[in-house]
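Q: I've just opened this one and could use a quick tour. Can you walk me through it?

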Amino acid sequence: MESVRRRSSGWSIHWGKTLESICLPVAALLFSLLLFGIFCAAVGSNPFEVYGSIYKAAFGSWRSFQNTLIRASPLMLTALCTALPARLGLVIIGNEGALVVGGIGAIAAGLALNSAPSLVVQLSMAIAGLVCGGLWIGAVGALRHYRGVNETISSLLMNYIAIALLNHLVNGPMKDPASLNKPSSYPILDTNMLGVLPGTRIHYGLIYGLVACVIAYILIQRTTFGFAARTAGGNLRAARVAGLPVGKLTMAICFLAGSCAGLAGMVEVAAVHGRANESLNAGYGYSGILVAFIARYNPLAAIVVATLLGGILASGGILQRVHNLPDATVLLFQGVVFLVVMYSESLYGRFEIFKEQSAKIKTERPPAVPV
Amino acid sequence: MSTREVPTRGLLYLRRRQIIRGILATTAFGITSKLVGCSSSPEGSSAGGGDEKPLVIGFLYVGAKDDFGFNQAHAEGAAAIAKLPGVKIVEQANVPETTEAQEAMRNMIEQDGATVLFPTSFGYFDPHILKIAEEFPEVQFFHYGALYQEGKHPKNIGSYFADVDEGQYVAGRVAAATSKKGKLGFVAAKPITPVLRNLNSFMLGALSVKPDIKMQVIFTGDWSLPVKEAEATNSLADQGVDVVSMHVDSPKVVIETAEKRGIFSSGFHTVQSSLAPKGYLTGAAWDFPSIYTQYVEKFKAGQTVIDDSIPHLIRGGMKEKFVKLAPYGAAVSAETQKDADDTQAKLIDGSLYVYKGEIKDNTGKTEIPAGQNLKVTDPALDKMDWLASGVIGNVGG
């Protein structure tokens, strides 16, 4: 919101803000590494060796970085499901449900068109995923706008409905009789699966995630639509007075948010599982919420945060195997990083060093006038 | 969001929104942590002596290694072969059935040098094992569940499965002999074939002792629903059931609840005597220490599944030492113990069949005609979709 208010003050303000939003998270990260290092030393491991292992397992080589990116790609998409509505002032946590419903839509489309050319099938699956996820969170937006239902609660509850719907479908109407022990839908044809990026083992979901984040960024920060949304998020009443179509904005943003998570569900179906079953509901939605919060709802920052989280997830095994640290160590590391980063959010605007000259002059002017 | 700058307040000042967000983030974090595969035990990774390069075997578990259930049963097997000379174990627990499973397998192969993998959870097979097996044709994969199909799946995959029916049959006999009220209970996860085989063989065992015995079954709907499992056990106890058995991921809740209610329990997966010193009767348990030791012996002899010297599908019951009976609890009389031992011996020498016709389902329909005896490894049993006579409940829920 700051950028809205101060856009008129020119680029210098942006620089200070940009610097601040880079320096603070980096400082927070370093501080959390320090805390985690103390823990490692306390249990008798050399903290620097542990850092080295985490780095090696997450970012050290192209092979391990692929591991990180594979884990990060669904998180980028699900993060947008929270990040976009947040710019409108809505706290939506229905990412998991939207992902599941998107996956259901995608598998339905994929099975209906199984014999069509694979490009057509993939496209229809993607559209079905987008639309289903979009309608799911769109319903949350509609409840919010037309009936005043708290969007956080309703979107959370919608998660359970989505998961129950999935279980019903794969146990009943969609069930492949061959999937005895793990009820699943019929599989889509192998030829209709999304492939991997050439020369890697990363599926196309990563591209979807990156593209979606960039589009979301441009949409929110560089278009009138995004400006209207941010204005409504800043002050709903003022936005209404200014004649902004708040209802339409809410619906549109919620639809887009849901469709991002729905696309993540489509990717899970089309690139990973090839069918719908309970594996869809693996927690990517909930992790996306975390990514969105830490990225401060900035879609570009979500890319970075998702990669960081992916890296931490990727380093899960090596800490125990190489350093004989207890199971919970990686969780502790993750917890420390996220708590410190969350806390650092409350420090924005409190360091003089990031304030621009123009801003400082503004604040200093009043005492100067009487003299 | 518009009030972000409040410079007059101290650094520890948090706004309400931030606190709400913090709480949500913490929750999300908790759930994310489920995504992290952790663990690999230091005690399990001790290699046998000698300078020879050890055989590195990787194990993946979908849950915790100390769940008193399916995962613990496998982990006990892994711990048993870790003691063998020249074998090194790498383990990862809490690995969900997503790309995470693929990455964990890949790491074990590339970082730890594993040449044999036992990804234990049923859901790892398709697509995760299939994909990684194709990528690493020189690594052997063994999956628990009889899913391997010749010609369709990569050559370096083997399936193994323990048919627990015989164990449950004996446990059912013990339960019926111990029950005073003639009413058994069964807490089941999902009405799918392995669960139905399990509860039907338990019932058939019980019927062979008391032909008019009844068993109430409750399906909870999923593999791990501790609250529902406790409710189900309590409601069974309320209905006058005095022995309860189960097929859920972790029998812990059912057994502990039964002990609290003062009724008997018959376990599953692994040995749970410590949870219910008074009421635990016995239980059918997978004998993974024996199964995995058998595999290691084959590896040591230079056999591989790749060149077909290890069969692609190995199934076994009590005779093959794939299934065992948990030690009898204090409540099982000496007479019953002797009967159970005899029954076990007969099942092993082949003079007794669990599925001995005629067997009717609980609607009166004949499922296995008179004169037909099915071995537990018979593929016909893999299509079971009925409940044996005397079972109260239906497969639809």
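This is a predicted model: local features need pLDDT of at least 70, side-chain atom pairs count only at pLDDT 80 or more; totals for chains, interfaces and linings use all residues.

Q: Okay, is F68(B) buried or exposed?

A: F68(B) is buried, because 23 other C-beta atoms lie within 10 Å and the cut-off for buried is 20 or more.

Q: And what's phi for F68(B)?

A: Phi of F68(B) is near 60 degrees, which is positive even though the residue isn't a glycine. Most residues other than glycine have a negative phi.

Q: Let's jump to D308(B). What's phi there?

A: For D308(B), phi is near 70 degrees, again a positive value in a residue other than glycine.

Q: Where is D308(B), then?

A: D308(B) is in the loop between α9 (288-300) and β11 (313-316) of chain B.

Q: Buried or exposed, that D308(B)?

A: D308(B) is exposed, since it has 11 other C-beta atoms within 10 Å and 12 or fewer counts as exposed.

Q: Switching to peptide bonds: which residue is joined to G357(B) by a cis bond?

A: That's E358(B), with omega at about 5 degrees. E358(B) lies in the loop between β13 (355-356) and β14 (359-360) of chain B. Most peptide bonds are trans.

Q: What about the bond from D126(B) to P127(B)?

A: The bond from D126(B) to P127(B) is cis, with omega near 10 degrees. P127(B) belongs to helix α4 (residues 125-135) of chain B.

Q: Zooming out, how many helices and strands are in chain B?

A: Chain B has ten helices and 17 strands. Of its 397 residues, 52% are buried.

Q: And what's the secondary structure of chain A?

A: Chain A comes to 16 helices and zero strands. Its radius of gyration is 23 Å, close to the 21 Å that the globule rule gives for 371 residues, so chain A is as compact as a globular protein of that length. As for burial, 50% of the 371 residues of chain A count as buried.

Q: How do helices α4(A) and α12(A) pack? At what angle do they cross?

A: In chain A, the axes of α4 (residues 62-87) and α12 (residues 284-294) come within 7 Å and cross at roughly 55 degrees. That angle makes α4(A) oblique to α12(A). The crossing is right-handed.

Q: Which residues make that contact, and of what class?

A: On the α4(A) side they include P74(A), L75(A) and T78(A), and on the α12(A) side Y284(A), G285(A) and S287(A) are among them. By class, the contact of α4(A) with α12(A) has ten nonpolar, five polar and no charged residues.

Q: And how does α4(A) cross α5(A)?

A: The axes of α4(A) and α5(A) (residues 95-112) come within 9 Å and cross at roughly 125 degrees. So α4(A) is oblique to α5(A). T78(A), C81(A) and T82(A) of α4(A) meet N95(A), A98(A) and L99(A) of α5(A). This contact of α4(A) with α5(A) has three nonpolar, three polar and no charged residues.

Methods: Residues are numbered from 1 along each chain as its sequence is written. Chains are lettered from A and ligands numbered from 1 in the order in which they are written. Axes are lines fitted to C-alpha atoms, for helices over the stretch in contact, and angles run from 0 to 180 degrees between N-to-C directions. Helices (H or I, at least four residues) and strands (E, at least two) are DSSP runs, numbered from the N terminus. Angles under 35 degrees count as roughly parallel, over 145 as roughly antiparallel, 65 to 115 as roughly perpendicular and the rest as oblique. A crossing is left-handed if the near helix is turned anticlockwise from the far one by less than a right angle, and right-handed if clockwise. Two residues are in contact if their C-beta atoms, placed from the backbone, lie within 7 Å. Ala, Val, Leu, Ile, Met, Phe, Trp, Tyr, Cys and Pro count as nonpolar, Asp, Glu, Lys and Arg as charged, and the others, Gly among them, as polar. The radius of gyration is taken over C-alpha atoms; the globule rule is 2.2 Å times the number of residues to the power 0.38.
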